[in-house]
Amino acid sequence: MADEIANITLGKYQLLDKVGDGGFGTVYRGRDPGLEHEVAVKVLHPELARNPNFVERFRREARLAARLRHPNIVLVSDVGEKDGRFYLVMDYLDGQNMASMLKEKGPIPLLQVKALLGPIAEALDYAHSQGLIHRDVKPANIILCKNGSPILTDFGLVKSLNEISGYSLTSTDVAMGTYEYMAPEQIQGKELTPAADQYSFAVMVYQMLSGQIPFSGVTPFEIQQGHVNRPIPNPLQYNPILTLGIFAILQKALAKDPTQRYIAVSDFTKSLEAEIAKILSVEIRSLKQEGVSLMNRRQFDQAGAKFKTAQSMIANAEIDNLLSECLRRDVIWQHLLEMEKLVKETSAEIAQMRSKESWINKKEKVFVFLIRNIKEKFGILITSMKIMGDSLRESSHREKAPKKDGSKKNNEPI
Ligand SMILES: Nc1ncnc2c1ncn2[C@@H]1O[C@H](COP(=O)(O)OP(=O)(O)OP(=O)(O)O)[C@@H](O)[C@H]1O
Ligand SMILES: [Mg+2]
């Protein structure tokens with residue numbers, strides 16, 4: 001069992017614990033004692049490691065991947081072999097892979113999708129400019145680090161699997177998942193261009209937006225047929241917040257003919273980001289309207305929640321002001337309710353006292369005091385309202401009154 005090799009040393013690397021299994025092998029968290037930093041060590045499945053043809057190709061692809069230097073591509077630092085175990089070393093990424101995140105959360109909020117698109121597209125475009133195609137873009141190969149940044153892993157490695165005979169991609173469940181993201185030309189075994197990565201990435205984006213993959217099936221054949229022959233299902237049926245504009249962009253990136261897709265992956269994501277921004281601005285406008293009407297109905301908690309949601313979508317001074325206005329009105333309203341309660345309680349007690357005809361007693365003195373007290377509070381409130389009213393009247397008067405020198409310009413609002 002691959003598990004047994006945790007806590008041993010492979011080359012100079014100490015394997016600490018197992019992270020997970022994939023189509024090629026098992027990933028361990030490890031330690032590079034020289035540099036004293038954490039690494040991820042991918043140890044190849046024994047049946048692959050025994051195939052010299054595969055190992056040679058894998059080594060070659062790993063070397064090419066190791067040349068990539070991009071903040072959103074995992075750094076591959078070493079490949080090696082010890083006692084028949086073949087391994088690949090990369091930076092350890094502390095985070096969650098997108099496959100498990102999608103499984104947990106379903107569709108991802110538009111704002112987060114928008115933030116993730118750009119960095120992944122740039123990483124792919126960069127690799128393409130270096131002559132490398134990923135060939136296996138899928139959520140399991142993107143790790144969302146704790147600082148929120150998405151990192152692509154496993155660049156080009158699947159190529160070595162495609163190139164050897166006797167090892168079928170369908171032979172493991174993990175690899176079977178790969179068909180769900182595979183471009184039609186890749187399924188058909190045609191020559192690949194960077195557009196294949198764009199297609200796989202677009203499948204992933206479709207899933208991030210709708211919570212569903214466009215082509216699923218019970219058998220690999222069914223999934224393959226979907227990619228090659230079937231039209232893209234409208235994602236609005238899964239998530240009604242999406243628009244036909246988004247659908248059209250996805251359709252272009254998922255074109256069956258690779259030459260019909262966007263030229264660069266970031267062309268696809270830029271169009272998508274603009275469309276998402278449109279949806280978000282409509283959503284923010286309606287949150288603002290709902291918030292204001294709730295505030296006017298004195299449902300301050302709910303109004304505040306609307307403004308806070310809008311605030312999480314966009315940095316906007318108007319929304320900040322609405323939220324603080326809402327909080328301010330809530331405080332005043334709570335004070336007024338408190339006073340109203342006090343007045344009601346007091347008048348009820350006075351009425352009771354009157355009915356008992358015990359008006360002249362000790363209690364009376366207490367209540368007279370209480371009433372005076374309330375009167376005093378109302379007095380303060382009325383005085384401050386008067387001050388507010390006076391100052392408002394004064395400022396509007398100042399705005400209307402012409403300046404002594406007759407200059408109109410100075411009277412214009414700043
Ligand atoms: N550099 C890394 N740092 C931390 N975790 C990693 C790293 N690379 C992979 N992992 C994690 O290790 C697990 C296994 O990854 P692996 O790449 O073997 O599987 P996969 O991506 O599901 O399949 P495939 O073999 O097709 O890539 C996954 O949970 C993945 O998120
Ligand atoms: Mg992987």
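Is P235 buried or exposed, and how many other C-beta atoms lie within 10 Å? P235 is buried, because 23 other C-beta atoms lie within 10 Å; a residue counts as buried if 20 or more other C-beta atoms lie within 10 Å of its own, as exposed if 12 or fewer do, and as partly exposed in between, with C-beta atoms placed from the backbone. The model is a predicted one, in which local features need pLDDT of at least 70 and side-chain atom pairs count only at pLDDT 80 or more, whereas totals for chains, interfaces and linings use all residues. Residues are numbered from 1 along each chain as its sequence is written, and chains are lettered from A and ligands numbered from 1 in the order in which they are written.

The protein chain contains 14 helices and nine strands, where helices (H or I, at least four residues) and strands (E, at least two) are DSSP runs numbered from the N terminus. Of its 414 residues, 30% count as buried. Among contacts with a separation of 6 or more, 59% join residues 24 or more positions apart; two residues are in contact if their C-beta atoms, placed from the backbone, lie within 7 Å.

Confidence is expressed as pLDDT, the predictor's value for each residue from 0 to 100. The mean pLDDT of the protein chain is 84, and 80% of the residues reach 70 or more. By element, confidence is highest in helix 10 (residues 244-253), at a mean of 98, and lowest in helix 6, at 46. The pLDDT is below 50 over residues 166-177, a stretch that has 15 contacts in the model beyond near neighbours in sequence. Residues 403-414 also have pLDDT under 50, and for them the model has three contacts beyond four places in sequence. Where pLDDT is low, the predicted coordinates should not be read in detail.

The shell around ligand 1 has 23 residues, of which G20, G22, V27, A40 and N97 come nearest; a residue is near a molecule if its C-beta atom, placed from the backbone, lies within 6 Å of it. Two or more residues each are given to this shell by strand 2 (13-21), strand 4 (37-44), strand 6 (85-91) and helix 6 (173-178). Strand 2 supplies the largest share, three residues. By class, the shell divides into 11 nonpolar, seven polar and five charged residues; Ala, Val, Leu, Ile, Met, Phe, Trp, Tyr, Cys and Pro count as nonpolar, Asp, Glu, Lys and Arg as charged, and the others, Gly among them, as polar. Ligand 1 lies between domain 1 (3-91) and domain 2 (95-279), because both give residues to its shell; the domain bounds come from an automatic or database domain assignment.

The largest nonpolar core has 74 residues, and those with the most contacts inside it are V41, I120, A202 and V205. Such a core is a set of buried Ala, Val, Leu, Ile, Met, Phe, Trp, Tyr and Cys residues joined through C-beta atoms within 7 Å. Helix 8 (residues 195-210) gives the most to this core, with 11 residues, and at least three residues are drawn from each of domain 1 and domain 2. Beyond four places in sequence, V41 is in contact with L10, Y13, L15, Y28, G30, Y87 and V89.

P235 is found in the loop between helix 9 (220-229) and helix 10. The C-alpha atoms of P235 and Y206, 29 residues apart along the chain, are separated by 7.4 Å. Not counting residues up to four places away in sequence, P235 touches Y206, L209, S210, L242, F247 and L250.

F300, in helix 12 (residues 300-313), counts as buried because it has 20 C-beta neighbours inside 10 Å. Leaving aside residues up to four places away, F300 touches M295, C326, R329, D330 and W333.

L192 lies in the loop between helix 7 (184-187) and helix 8 and is partly exposed, with 17 other C-beta atoms within 10 Å. Beyond four places in sequence, the contacts of L192 are I133, R135, E185 and Q186. R135 itself is buried, with 23 other C-beta atoms within 10 Å, and has a positive phi of about 75 degrees although it is not a glycine. D154, likewise not a glycine, has a positive phi of about 60 degrees.
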